[in-house]
Amino acid sequence: MDDADVIILASPVYVYHVTGAMKAFLDHYGWRWMVHRPEEKMFQKQTVCISTAAGAGMKSTNRDMAHSTFFWGVAKTYRFGVAVMETSWERVSAKKKAAIDKKLTRLAQKIVKNQGHVKPSVQTKAFFTLMRQFNKRGWNEADMIYWKEKGWTEKKRPWKS
């Protein structure tokens, strides 16, 4: 993930949320949340959260994935959810597939255009500042040491080279 130009997270809707496998993946990277030891490369990355369903639940499923990308410090997260009105991709109509392709092509063009130019949101920077205060005083020694070594408890910020 650290070396990827774009991170793509995808999950079918499972009871209005991500699947257990995706949840386990997101939980595995909990140590990377801003409160702990975020990777500075994330503050310049773009992520796409994709979800599909036969009917509904894409918004909450994408929210599950985007929640983690925010706490990883990802600069820009896009969400793409689509109700395919089928349980099998083979039975999805050609018209629906063409519409999906058109929307994803536009999204891909936007991502390519923004590559190397994304900056964290004000909300991300504000949360980072709050976490900086926690890690100055520290409740977890390993996290506190990490932040100090990165220079983030002083003036350095991960989104500035």
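1. A residue is called buried here if its relative accessible area is under 20%. The model under discussion is predicted. By that cut-off, 6 of the 8 residues of strand β2, which spans residues 46-53, are buried, and the strand is thus described as mostly covered.

2. Strand β2 pairs with strand β1 (residues 6-12) in the parallel sense, over 7 bridges. Within this pairing, C49 of β2 has L9 opposite to it.

3. Strand β2 also runs parallel to strand β3 (residues 76-83), to which 8 bridges join it. Here C49 stands opposite R79 of β3, while V48 has Y78 of β3 as its bridge partner.

4. Helix α1, residues 20-28, forms a right-handed β-α-β unit together with β1 and β2. Helix α2, residues 58-72, does likewise with β2 and β3, and this unit is right-handed.

5. In summary, strand β2 takes part in parallel pairing with β1 and with β3, and it belongs to the β-α-β unit containing α1 as well as to the one containing α2.

Conventions. Residues numbered from 1 in each chain as written. Predicted model: local features only at pLDDT ≥ 70, side-chain atom pairs only at ≥ 80, totals over all residues. Heavy atoms only, no water. Buried < 20%, exposed > 50% of the residue type's maximum accessible area, 1.4 Å probe, protein only. Helix = DSSP H or I, 4+ residues; strand = E, 2+ residues; numbered from the N terminus. Pairing = 2+ DSSP bridges. Right-handed = clockwise from strand over helix to strand, strands pointing away.
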